[in-house]
Amino acid sequence: MSKPKQSAIRCLCSTTFDADVYRSINVSTEPELKAQILADQFNQVRCPSCGRAFGADVPYLYHDSDAGLMVWVYPTSSAVHADQIREKLRRSRAMLGTVLPAASIDANRDVVFGIDELMSWLGETR
């Protein structure tokens, strides 16, 4: 079951506020979350100060257990740190490899940056 968590969000107006956002989802058990992603409505928040609605700029783990897919989705703005993010994920995979079968860890695609890259990875179009 996917469950939102309170996260600190910063608006363009410089207000920081707490909002419920998903950090991990399984679209097999909750297909409406995939529909939200495709409609660009996923992790939408509203600033309590200026009223602006926007997508929270937070990474999340996208998991489709029926299709055997799992990938980290980072905001497009994080792409400038792609090497550091991939290294962090490589270290995490190495630690997981000590307790999980190697076949359950996909080293070919572990991170995408932004909704467009996620859709490309999934073979979807918006």
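Ser78 lies in the loop that connects E7 with helix H2 (82-96); helices (H or I, at least four residues) and strands (E, at least two) are DSSP runs, numbered from the N terminus. With a relative accessibility of 15%, Ser78 counts as buried, where buried denotes under 20% relative accessible area, exposed over 50%, and partly exposed the range in between (1.4 Å probe, protein chains only). Apart from neighbours within four places in sequence, Ser78 is in contact (heavy atoms within 4.5 Å) with Ile85 and Phe113.

The model is predicted: local features need pLDDT of at least 70, side-chain atom pairs count only at pLDDT 80 or more, and totals for chains, interfaces and linings use all residues. Residues are numbered from 1 along each chain as its sequence is written, and side-chain values use heavy atoms, with hydrogens and water left out.

**The open sheet**

Four strands, in the order E3-E6-E7-E8, make up an open sheet of mixed pairing; two strands pair if DSSP finds at least two bridges between them. From one strand to the next, the twist averages 25°. Helix H3 (residues 115-122) packs on this sheet, where it touches E6, E7 and E8, and its direction makes about 165° with that of E7; axes are lines fitted to C-alpha atoms, for helices over the stretch in contact, and angles run from 0 to 180 degrees between N-to-C directions.

| Strand pair | Bridges | Direction | Residues standing opposite |
|---|---|---|---|
| E6 and E7 | Five | Antiparallel | Asp64 and Leu69 |

E6 spans residues 60-64 and E7 spans residues 69-74. Four residues separate the two strands in a hairpin, and Gly68 in its turn has a positive phi of about 70°. E6 is mostly covered, with four of its five residues buried.

Ser2 is placed in the segment before strand E1 (5-10). Is this residue, Ser2, buried or exposed? At 5% relative accessibility, Ser2 is buried. Residues up to four places away in sequence aside, Ser2 touches Tyr22, Ser24, Ile25, Asn26, Glu30 and Leu33. A polar atom of the Ser2 side chain lies 2.9 Å from the backbone nitrogen of Asn26.

**Cysteines**

The structure holds zero disulfides, a disulfide being a pair of cysteine sulfur atoms within 2.5 Å. Cys11 is in no disulfide, and the nearest cysteine sulfur belongs to Cys50, at 3.6 Å. Cys11 is buried, with a relative accessible area of 4%, whereas Cys50 is partly exposed at 44%.

**The chain overall**

The chain contains three helices and eight strands, which follow the pattern β-β-β-α-β-β-β-β-α-β-α along the sequence. Of its 126 residues, 37% are buried. Among contacts between residues at least 6 apart in sequence, 51% join residues at least 24 apart. The chain exposes about 7,700 Å², of which carbon and sulfur atoms supply 51%; accessible areas come from the Shrake-Rupley method with a 1.4 Å probe, and for residues only the protein chains shown count as cover.

Methods
A polar contact is a pair of N or O atoms within 3.5 Å; within protein, one must be able to donate a hydrogen and the other to accept it, and residues adjacent in sequence count only if both atoms are side-chain atoms.
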